[in-house]
Amino acid sequence: MRAFFLVFATAAAASTSYLTWAADSFIQRGVMATRYYGEATLYEGYEAAYALTKNKAYVDWYQEQIDDAVVLDNGTIRGWKYDYYSLDDYRIGNNLVWWYERTGDVKYRNAADIIRKQLQRHPRTPTGGFWHRDPDYPDQMWLDGIFMADSFYAKWTYLFDAENRSAWDDIALQYDTIEAHTRNHTSGLLVHGYDESKKAVWADPVTGAAPLVWSRAVGWYFMSLLEVIPLFPESHPGRARLVGYFTTLAAALKRAQDEKSNGWWLIMSEPYPGAQGNYIESSASAMFTFGWLKGIRLGLIAADDFLEPALKAYRGLVDRFVEIDDDDALNWEGTVEVGSLGSNGTYEYYISIPLEENDHRGAGSFMLASYELEKRH
Ligand SMILES: *[C@@H]1O[C@H](CO)[C@@H](O)[C@H](O)[C@H]1NC(C)=O
Ligand SMILES: *[C@@H]1O[C@H](CO)[C@@H](O)[C@H](O)[C@H]1NC(C)=O
Ligand SMILES: *[C@@H]1O[C@H](CO)[C@@H](O)[C@H](O)[C@H]1NC(C)=O
Ligand SMILES: *[C@@H]1O[C@H](CO)[C@@H](O)[C@H](O)[C@H]1NC(C)=O
C-alpha cells in the first residue's frame, strides 16, 4: 500500500520517468547476461532509455552485457549451435544489429549474419512457415515466433539486402500464413498458433488451430508488426496487408480491454475473461499499451480513437504492476513465466503457470511503453 501511494504521488508530479527508473533498477539488481529473448527484450528497453536520455551509462552497461556473454571478439556467438533451429534464439539478432549500427564494429554484423544464415536453413511447414522449433514443434507456427524471427529477418533485409524481393515476399508470407490459420474474424483476435500437420493434441482437426487466445503471444505479434511495417518497402503489396493486420488487431484489443483495470486478461478468448483463475497479465498489458502508443506515433491508428484508452491502460500498468522495494528500486510484478504449445493447450494449463517478479519480457515491454509515453512530453 505504501508503494501504491508513493507511486501515485510521484506520478502526479509528472517528473517521474518510469523508463529510467526501471533501467536504473535493473542495473542496480544485476541482470544475468544471456542471449535469450527475455534479456533481448529487456535490452530493447535500454535502447529506448538511451534514445530518450542519451545517458551513456545505459549503453556502456548494455555493451558489457553483450560483449561478456553474447558476441565473441571473432564475431561468433557464444554457445551458438549451428544445427539447432529454434526461433526464440534468433531474437537477439535485433540487438546485435543495433550494436552494429551504433558502432560499425564488424563483429556484431558477423554475429548477426550467423543468425541470418541459420534462418536460410531453418525447417519450414509445407506452405513455407518457419517451424517454431526443430525437433520439438514440427510444422507448427506460433505467434511468438513471428516476433522472435521475422522482426530480425526484416531488419537484416532492410539494412543489408533491401533489393531482394524474394526476401520481402518470404517475410510477408510468414505473417500471411499465421494470419490465415490463427485469426478469428469475429473477435479480431488470434489464437496462440497452429499445427499444419494437425497432429498436436491441441490442434483443431480441420484447421490445425490452437484453441485459445494467449495474451502474451498476441502481444509479441502486435509488437512485431510495428517493428516490420516501417521497414517494409512502400512498393511491396505485403506492406498494406501488414498494416491491415495491425489496425484490425488494434481495434480488437480495444474491444477486449478490461473496463475495470484497463488491462488485458491472460486468456482473452470467450468465455474466459473474468472466469475463475484468469487474471490481468502484466506483460501483455504492457505490450498492448506500447503497441497503441507507438501505432499512434507512426500514424497507423488515430489518436482520437486510441490515445485515451492507451493512457488509461498505462495508468493501469503503473497502479497495478509497479511496486517500490526498500532500496527505492522499481519492481515489475504480475508477468506469467511461460505459455507453451508444448503443453495440452487448455485453459487449465495456461492458468496453472506461476507469475514472476521482474520478468525481463514484462519489464522490457513496460520500458518500451514508458518510452512512448515519455517521448510525447
Ligand atoms: C572464436 O573464438 C572462440 C573463443 O575463443 C573459439 O572457441 C572459436 O573457435 C572461434 N571461432 C572462429 C570461427 O574463429
Ligand atoms: C534473397 O532472399 C531469399 C529469401 O530469403 C534468399 O533465399 C536468397 O538467397 C537471397 N538472395 C541473395 C542474392 O542473397
Ligand atoms: C471466434 O470468436 C467469437 C467471438 O468471441 C467466438 O464466439 C467464436 O467461438 C470464436 N471462434 C473460434 C473458432 O474460436
Ligand atoms: C492439461 O494440462 C493441465 C496441466 O498443465 C492439467 O491440469 C489438465 O488436466 C490437462 N487437461 C487435459 C484435458 O489433459
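This is a predicted model: local features need pLDDT of at least 70, side-chain atom pairs count only at pLDDT 80 or more; totals for chains, interfaces and linings use all residues.

**Second largest cavity.** I looked up what lines it and got Leu 87, Phe 130, Met 141, Trp 142, Gly 145, Ile 146, Asp 150 and Gln 174. Strand E3 (140–142) and H7 are the elements that give two or more residues here. H7 gives the most, with three residues. The volume came out at about 30 Å³. By class I have five nonpolar, two polar and one charged residues in this lining.

**Largest cavity.** How many cavities of 30 Å³ or more does the whole structure have? My search gave two. The largest holds about 40 Å³ of space. Its lining includes Ser 261, Asn 262, Trp 264, Thr 289, Arg 320 and Phe 321. H11 and helix H12 (303–321) each give two or more residues to that lining, and H12 has the largest share, five residues. I noted the classes as five nonpolar, six polar and one charged.

**Largest pocket.** Next I turned to open space. The largest pocket has a volume of about 620 Å³. It is lined by 22 residues, and those closest to its centre are Glu 44, Glu 47, Lys 155, Glu 227 and Lys 294. Among the helices that give two or more residues are H3 (37–53), H7 (143–160) and H11 (282–297). I have ten nonpolar, three polar and nine charged residues in the pocket lining.

**Ligand 2.** Which residues surround ligand 2? I found Arg 116, Gln 120, Tyr 153, Asp 161, Asn 164 and Ala 167. That shell splits into two nonpolar, two polar and two charged residues. I then checked distances from polar side-chain atoms to ligand oxygens: Arg 116 has one at 2.9 Å, Tyr 153 has one at 2.6 Å, and Asn 164 has one at 2.4 Å. On its own ligand 2 has 360 Å² of accessible area, and the protein covers 50% of it.

**Ligand 1.** Around ligand 1 I found Leu 72, Asn 74 and Thr 76. Asn 74 places a polar side-chain atom 2.3 Å from an oxygen atom of ligand 1. Taken alone, ligand 1 exposes 360 Å², of which the protein buries 26%.

Key: Residues are numbered from 1 along each chain as its sequence is written. Chains are lettered from A and ligands numbered from 1 in the order in which they are written. Side-chain values use heavy atoms; hydrogens and water are left out. A residue is near a molecule or strand if one of its heavy atoms lies within 4 Å of it. A polar contact is a pair of N or O atoms within 3.5 Å; within protein, one must be able to donate a hydrogen and the other to accept it, and residues adjacent in sequence count only if both atoms are side-chain atoms. Accessible areas come from the Shrake-Rupley method with a 1.4 Å probe; for residues, only the protein chains shown count as cover. Ala, Val, Leu, Ile, Met, Phe, Trp, Tyr, Cys and Pro count as nonpolar, Asp, Glu, Lys and Arg as charged, and the others, Gly among them, as polar. On a 1 Å grid over the protein atoms alone, a cavity is a set of points where a 1.4 Å probe fits but cannot get out, and a pocket is an open set with protein on both sides within 12 Å along at least five of seven lines; lining residues have an atom within 4 Å of a point. Grid points are joined across faces, edges and corners, and a volume is the space filled by probe spheres set on the points. Helices (H or I, at least four residues) and strands (E, at least two) are DSSP runs, numbered from the N terminus.
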